[in-house]
Amino acid sequence: MEIIQIIGLGFVVTLLILIIKQQRPELAVQLGLALSAIIFLMVLSKLNVVLDLFRDLAEKANISQMYLNTILKIIGIAYVTEFGAQVCRDAGEGAVAGKIEFAGKILVMVMAVPIIALVLETIVRLIP
């Protein structure tokens, strides 16, 4: 199970950070950033399975690839935004994390416009 490896790696790096933080706080931040990148890359490789499943389901349900791609982009923006904000918080930059989250929310809203328009068109067609 990869989650055990990720948790173990997280514990080891956390202990190192706690030890190093007293002497070299800048190195502790770099260790945290390196761990974040490693975990991100470990998990990123697993996304292809989920993406393939979504594509197969959309094809069977006769859903346009454009809408599926938009939904997947929205999900991606949400996850990457949260990840980036958490990294900034770990580095002690809560204000930057807040700005990243704000930008992510705006981008999600912009990406959702075509889907919202489709839902509204469908509702208007259903109303006599």
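For axes I use lines fitted to C-alpha atoms, for helices over the stretch in contact, with angles from 0 to 180 degrees between N-to-C directions. Helices are DSSP runs (H or I, at least four residues), numbered from the N terminus.

I note that this is a predicted model, where local features need pLDDT of at least 70 and side-chain atom pairs pLDDT 80 or more, while totals for chains, interfaces and linings use all residues. Residues are numbered from 1 along each chain as its sequence is written, and side-chain values use heavy atoms, leaving out hydrogens and water.

**Helix pairs**

I looked up helix 1 (residues 2-21) against helix 2 (residues 25-44): the angle is about 170 degrees and the axes are 8 Å apart. The two are therefore roughly antiparallel (angles over 145 degrees count as such). Contact means heavy atoms within 4.5 Å; among the residues that meet are Leu9, Gly10 and Val13 in helix 1, and Leu31, Gly32 and Leu35 in helix 2. By class I get 15 nonpolar, three polar and two charged residues. Here Ala, Val, Leu, Ile, Met, Phe, Trp, Tyr, Cys and Pro count as nonpolar, Asp, Glu, Lys and Arg as charged, and the others, Gly among them, as polar.

Next, helix 4 (residues 65-90) packs on helix 5 (residues 94-126) at about 175 degrees, axes 8 Å apart. That makes helix 4 roughly antiparallel to helix 5. Their contact has 16 nonpolar, five polar and four charged residues.

**Salt bridges**

My rule is a side-chain nitrogen of Lys or Arg within 4 Å of a carboxyl oxygen of Asp or Glu. The count comes to four. One of them joins Glu2 and Lys46, 2.7 Å from N to O. I see that this pair links distant parts of the chain, 44 residues apart: Glu2 is in helix 1, Lys46 in the loop between helix 2 and helix 3.

Methods:
Parallel < 35°, antiparallel > 145°, perpendicular 65-115°, else oblique.
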